[in-house]
Amino acid sequence: MRLSVIGSLLTGLLLFPSANSVGASQGTIGENAQSLREHQSAKLESQTASSESKLGEIQAIIQAAIMYSPQPFSGSVILLEEGKPLLEFQKGEEINQDSRFVMASLSKQITATLVLQALDAGKLDLNQTLNHYLFGDLEGEHKALKANKADTNAGTLNPNRYDERITLHQLLSHTSGVDRLGQPNRFTPGSQFKYSNLGYSLLGQVLEKVNHQSFAEQVAQFATRYQLNGLSAELGNLEAIQVKVPSLAVGLQESEVIAPAELVIDEALLPAGGLIASPATYAAFQQQLHAGKLLSPESYQRMTTAYIELPFLWPNMRYGYGIRINKDNGLVEYSHTGYVSGYMSMTLHYPEFNVDLVMLENLSLNLNDRKRVFELHNQIRQVLRSHLLLTKLSKYKI
């Protein structure tokens, strides 16, 4: 099959602009069902039959998009509807259904879940300060906190403590502005969004304090409790980890040539981007999470609340706790992407349809061209969104 054929298939399905063009054409799409009706009614009439077909009919398009992508791909993808696999696809040397991958920032969703489980157990208060959990409630903490609130531009710098205003809520939502210990905060905590791997590393440290276990041990217990075979937290370089986890796909990094990545997973990386799983295992976690099996209803609501807008390749994205949120055109989407040396990842969940897609790769593309790096992710996301939006419009006869 030629690339032009793939393009025709995708064009036939995509009723809405691509992820790369949508930001420039939001005015054309409109912001509600009325504008969708005005701009898409003609196409909808001719596409109603296909919109009523099962989601499984687009699996060939997703598979073809990966097979004939102009950029190299090595990894594994799973697409599920109501928890049942519709597509399990692998491409790459020695990649199979059992292959496991470093999940990169998809790890944050598991870390956020562990934090919220500790909240449900009464061990944490999300409005409490980071310093309280890491260093104890020192005598001068409240005085320093008051002083910092009075001086929102700078605050009092203590080289042995983080900014006294930083709370767990801000770490979870990437609004803390935290910097390395001894460095002034990047901005007034809570005032803006700044994606922070350090923030999630610190959440891992908080979990170790309140649960009196290493983060890796907590992940192991979590995996056992919820039968997430294949989820683990491992430390070391990739060669050492593969000795313990033979199914780990060794990461590859694209620069001038494609070569093995020199990734080392340490305690700081684990909660932010170092956990390991297969796509099926991560999909099982995601299914349980959104089915209400991992968190109390209140904590799940906290996780999926949109706290702040963030700049991203996809427009109109907001952040909850370890999860990106988009509600364009009335279609609720929970997602995340990830990138570390040797690995890339993407997860999508559409609660109205109970549809999940997990994509884990052991090849990280050259970041010199970010549009190219994430183009396949954008394309696959748009295929799913277009199908689900068409199904939604047909269902309600908009």
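1. Helices (H or I, at least four residues) and strands (E, at least two) are DSSP runs, numbered from the N terminus. On that basis, Asn 354 belongs to the loop between β13 (343-350) and β14 (355-361). The model under review is predicted.

2. Asn 354 is not a glycine, yet its phi is positive, at about 50 degrees. Asn 316, likewise a residue other than glycine, has a positive phi near 55 degrees. Most residues other than glycine have a negative phi. Asn 316 is placed in the loop between β9 (308-310) and β10 (317-319), and its relative accessibility of 25% makes it count as partly exposed.

3. Helix α16 (residues 375-395) has 21 residues, which at 1.5 Å a residue should span 30 Å; the C-alpha atoms at its ends are 30 Å apart, so the two values agree. The helix is mostly covered, with 18 of its 21 residues buried.

4. Leu 363 is part of strand β15 (residues 363-364). Leu 363 is classed as buried because its relative accessible area is 4%, where the cut-off for buried is under 20%. Between Leu 363 and Ala 259 there are 9.3 Å in space, C-alpha to C-alpha, although the two are 104 residues apart in sequence.

5. On the surface, a patch of negative charge is formed by Glu 208, Glu 217, Asp 266 and Glu 267. Of these, Asp 266 sits in the loop between β7 (264-265) and α12 (269-274). With a relative accessible area of 36%, Asp 266 is partly exposed.

Notes
Residues numbered from 1 in each chain as written. Predicted model: local features only at pLDDT ≥ 70, side-chain atom pairs only at ≥ 80, totals over all residues. Heavy atoms only, no water. Patch = residues over 30% accessible without salt bridge, like charges linked within 9 Å, V, L, I, M, F, W, Y side chains within 5 Å. Areas by Shrake-Rupley, 256 points an atom, 1.4 Å probe, with all protein chains shown as cover. Salt bridge = Lys/Arg side-chain N within 4 Å of Asp/Glu carboxyl O. Lys, Arg positive; Asp, Glu negative; His and termini not counted. Charge placed at Lys NZ, Arg CZ, Asp CG, Glu CD. Buried < 20%, exposed > 50% of the residue type's maximum accessible area, 1.4 Å probe, protein only. Expected span 1.5 Å × (residues − 1).
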